[in-house]
Amino acid sequence: MRVRKKKWAEPYMAAHPEYVVNEPEKLVGKWESRFKKSQPIHIEVGSGKGQFIIGMAKQNPDINYIGIDMQESVLAMAAQKAVEDQLDNVQLLLTDGANVDTIFAKGEVAKVYLNFSDPWPKTRHAKRRLTYKTFLQSYENILPDDNAELEFKTDNRGLFEYSLVSMNNYGMKFEMVNLDLHHSSEEVLEKNVETEYEQKFKVKGPIYKIVAQFTK
Ligand code: SAH
């Protein structure tokens, strides 16, 4: 979904280079240098206004997080949250998720999250879905050979079904498929960090979740 352009977004991001990464191509293999502590890096592609990535960073101080979105106006809102909380384990990046394998080295990212990705319901737009095979390929290119995990949540039944098939055809192994995340055990829900879309849509119908691994 596109958000109206916000005039303040560009200057705000330019004023916060400690959180918003410029020239990410120069950081290939060196992302560690952007963080205070050297620890695993997890990314979210399509991080939107940042509630998930910021919530995860607070919940898990021993992981470094990078939120990636191609819309300036939402990424700037994520930057605001990072600034407010003064987090040292979050970075934000304005780019197309299709490019991740030109920005990270093989194995540099330990886990990839996709949350409430745009469904692109028309068949002719299938290539734009973040679980289309070319996107899966670029995630695989930056994850390690072992334990290469992808987590995906959506409220969109069509995108959920498509993603199951796409991941299966790609040869991925499913660790978990949840057809109604918000009616899961307390234990699961306690750890679940909700996204903006999730908060909005969990009252309207089921939220689907997939955890899958790339296999060699
Ligand atoms: N994850 C958030 C936002 C979901 S909306 C939430 O759950 O609340 C989907 C987001 O994905 C939008 O912000 C959109 O700009 C972003 N997006 C869509 N295609 C993208 C791509 N190819 N690369 C990076 N971000 C993308």
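**Helix packing and ligand contacts**

The axes of helix α5 (residues 133-142) and helix α6 (residues 157-170) come within 10 Å and cross at roughly 55 degrees. The model is predicted.

Student: How are α5 and α6 oriented to each other?
Tutor: Two packed helices are described by the angle between their axes and the distance between the axes. Here the axes cross at roughly 55 degrees. Angles under 35 degrees count as roughly parallel, and 65 to 115 as roughly perpendicular. The pair α5 and α6 is therefore oblique.

Student: Is the crossing of α5 past α6 left-handed or right-handed?
Tutor: The helices in question are α5, residues 133-142, and α6, residues 157-170. Their crossing is right-handed.

Student: Which residues in α6 does α5 meet, and how does the contact divide by class?
Tutor: From α5 come K133, L136, Q137 and E140; they meet S166, M167 and Y170 in α6. By class, this contact of α5 with α6 has three nonpolar, two polar and two charged residues.

Student: How are α2 and α3 oriented to each other?
Tutor: Helix α2 spans residues 51-59 and helix α3 spans residues 72-85. Their axes come within 9 Å and cross at roughly 25 degrees. Angles under 35 degrees count as roughly parallel, so α2 is to α3 roughly parallel.

Student: In which hand does α2 pass α3?
Tutor: Look at the crossing of α2 with α3. The hand is right-handed.

Student: What classes of residue make up the contact of α2 with α3?
Tutor: In α2, the residues are Q51, I54 and K58. They meet A78, K81, A82 and D85 in α3. The contact of α2 with α3 divides into three nonpolar, one polar and three charged.

Student: Which residues around the ligand come nearest?
Tutor: There are 18 residues around the ligand. Those that come nearest are G46, D69, Q71, G97 and T195.

Student: Which backbone atoms lie 2.9 Å from a nitrogen atom of the ligand?
Tutor: One is a polar backbone atom of G46. Another is a backbone N or O atom of N115.

Note on methods: Residues are numbered from 1 along each chain as its sequence is written. This is a predicted model: local features need pLDDT of at least 70, side-chain atom pairs count only at pLDDT 80 or more; totals for chains, interfaces and linings use all residues. Side-chain values use heavy atoms; hydrogens and water are left out. Axes are lines fitted to C-alpha atoms, for helices over the stretch in contact, and angles run from 0 to 180 degrees between N-to-C directions. Helices (H or I, at least four residues) and strands (E, at least two) are DSSP runs, numbered from the N terminus. Angles under 35 degrees count as roughly parallel, over 145 as roughly antiparallel, 65 to 115 as roughly perpendicular and the rest as oblique. A crossing is left-handed if the near helix is turned anticlockwise from the far one by less than a right angle, and right-handed if clockwise. Contact means heavy atoms within 4.5 Å. Ala, Val, Leu, Ile, Met, Phe, Trp, Tyr, Cys and Pro count as nonpolar, Asp, Glu, Lys and Arg as charged, and the others, Gly among them, as polar. A residue is near a molecule or strand if one of its heavy atoms lies within 4 Å of it. A polar contact is a pair of N or O atoms within 3.5 Å; within protein, one must be able to donate a hydrogen and the other to accept it, and residues adjacent in sequence count only if both atoms are side-chain atoms.
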